[in-house]
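Reader: I would like to go through this model with some questions. Please show it to me before we start.

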Amino acid sequence: MENTGREKTLWTIALVLVLIFALIPVLWIISLSFKTPATITDQSFIPTEFSFENYESLFTGGISESPFIKPLINSLGIALITTFISIILASFAAYAIARLDFPGRSVMLAGALAIAMFPPISTVGPLFDMWRALGLYDTWPGLIIPYLTFSLPLAIYTLVAFFREIPWDLEKAAQVDGATPFQAFRKVIVPLAAPGMFTAAILVFIFAWNDFLFAISLTSSDASRTVPAALAFFTGDSTFTQPTGSIAAAAVIVTVPIIIFVLLFQRRIVAGLTSGAVKG
Amino acid sequence: MTDRARSERRLGWLLCAPAAVAMLAVTAYPIGYAFVLSLQRVDLRFPEEGGFVGFDNYSAVLSSELWWTDLFNTIFLSVISVSIELCLGMAIALVMHRAIFGRGVVRTSVLIPYGIVTVVAAFSWQFAFAPDTGFVNQLPLIADDKDWFGERFSAFSVIIMAEVWKTTPFMALLLLAGLTTIDDGLYSAAKVDGASAWQRFTRITLPLMKPAILVALLFRTLDAFRIFDTIFIMTGGAQDTQSVSILGYQQLISRLNLGLGSAVSVLIFLCVLVIAVIFVKGLGARQPESGRA
């Protein structure tokens, strides 16, 4: 590749354009979140007056009054529990698929692929009906169960790809060297498998954190409503004020930590997102 | 040895069972239940009026103008946004692959949309285009009072933009993974033979990437077909911008008409099945053609 000055300039322009396009909605929502109620409709990209009013209003009144604290706890709790269970179940399945020879291996992979393509809206009605009968409607498990289902394919494909790369012979080598099977597993295999499981955990967490369809269909109150669903029901302080500022502030709170996290672990996430597609 | 094989087989099934059960419990059983519901009159507002009605719900859905409008909207949005994503994603993948410098910058910026909650992105774009709060109407060449969400196709253009912004990264990453499998020697050889950059792209890159492109298209098309969050936040389905998923949601959850809603659910499931079969057929037919294992 020749590396002329002109090429370098074009390259830089392209990079800057991509970066700006990616960042605009983020910068915009951050900007909105710092605007005062008086300037929120000033249509300027950069706030003319900074204030933390929108953030304060989200947390005023404590857990019982605030429209945001309970949904935030729900979002965190539901996403973390989903991630935990999903990774355990997917690790079992992925270990079996990557390591063991048994009929039904390809059925399992094909099945997971089919679930990945399944339209969630098709299960919303039956789940709504079943959950009301079973008392799961508007509860944490009522959301965790469907999230588990729809995150498992992602977790299984990611983990299978990672587990296939692990040099499993090391386990035997450690045992030859005098380690007990458990030591061999804990000191050799676990450290090798941990990065893959961590990657899969990030992907599952983001999936559960992001969901909106189940969150608004299977909940009816702050008992289990997650942030994306709560945002859709935000109201202004009075009938005549728009909740724009509070939505923006809440959006920033649920977005910025995830972005930082994603950027910190970007190599792993890229590997995880593409692993299934390349091998599959 | 057979004993060992048998125990390995049992262990394999045992380890897969929990995941398999968790996946089937919320897909296979509900879709079966949806089919049962769709054959009945089930309206939670009138619980006493139940009963088997055969395919009446289906004929009601299929003869309503709303279903066909929404199906058109969904297909229209899917085709347009996936096409844009494919072109843009390919460009970004090529940039990342050939990057002289700044590969990290592109990867970073590409992952930002991936990390953002779809609902948040939808709100951000909506506020950006809204005539009262948005900065977009302040930009040159755009009328100051343009009401983007007041008309069907301008609303569509904002919806498509938000979708493209959110999901192009995934497309780009999948395509990049496909790109890296192509042997660089092919390009040098073609260059020696005097092939232009465009010829190298159309004669080498595209044919060799056909499987990767089809896989990426399959995933994104099915994903686009389920579009719900962005439309729900931006227009709520007003100005004839509903998708089939919004229609299903409204019948099921807003109107509590489980019979009609389930018929819509089953029809959406069948659409997805048809799309998947078409793509898988395409994949199967094309793989031997590319001649690579």
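Author: In chain A, the C-alpha centres of domain 1 and domain 2 lie 31 Å apart, with domain bounds coming from an automatic or database domain assignment. This is a predicted model, in which local features need pLDDT of at least 70, side-chain atom pairs count only at pLDDT 80 or more, and totals for chains, interfaces and linings use all residues. Residues are numbered from 1 along each chain as its sequence is written, while chains are lettered from A and ligands numbered from 1 in the order in which they are written.

Reader: Which residues does domain 2 of chain A span?

Author: The assignment gives chain A two entries, domain 1 and domain 2. Domain 1 covers 1-51, and domain 2 covers 67-279.

Reader: How many residues of domain 2 of chain A are in contact with domain 1 of chain A?

Author: Two residues are in contact if their C-beta atoms, placed from the backbone, lie within 7 Å. Domain 1 of chain A contributes seven residues, and the number from domain 2 of chain A is seven.

Reader: Why are H5(A) and H7(A) called oblique?

Author: Angles under 35 degrees count as roughly parallel, over 145 as roughly antiparallel, 65 to 115 as roughly perpendicular and the rest as oblique. Axes are lines fitted to C-alpha atoms, for helices over the stretch in contact, and angles run from 0 to 180 degrees between N-to-C directions. Helices (H or I, at least four residues) are DSSP runs, numbered from the N terminus. The axes of H5(A) (residues 105-117) and H7(A) (residues 140-165) cross at roughly 130°, so the pair is oblique.

Reader: Is Ser59(B) buried or exposed?

Author: A residue is buried if 20 or more other C-beta atoms, placed from the backbone, lie within 10 Å of its own, exposed if 12 or fewer, and partly exposed in between. Ser59(B) has 12 such neighbours, so Ser59(B) counts as exposed.

Technical notes
Helices (H or I, at least four residues) and strands (E, at least two) are DSSP runs, numbered from the N terminus.
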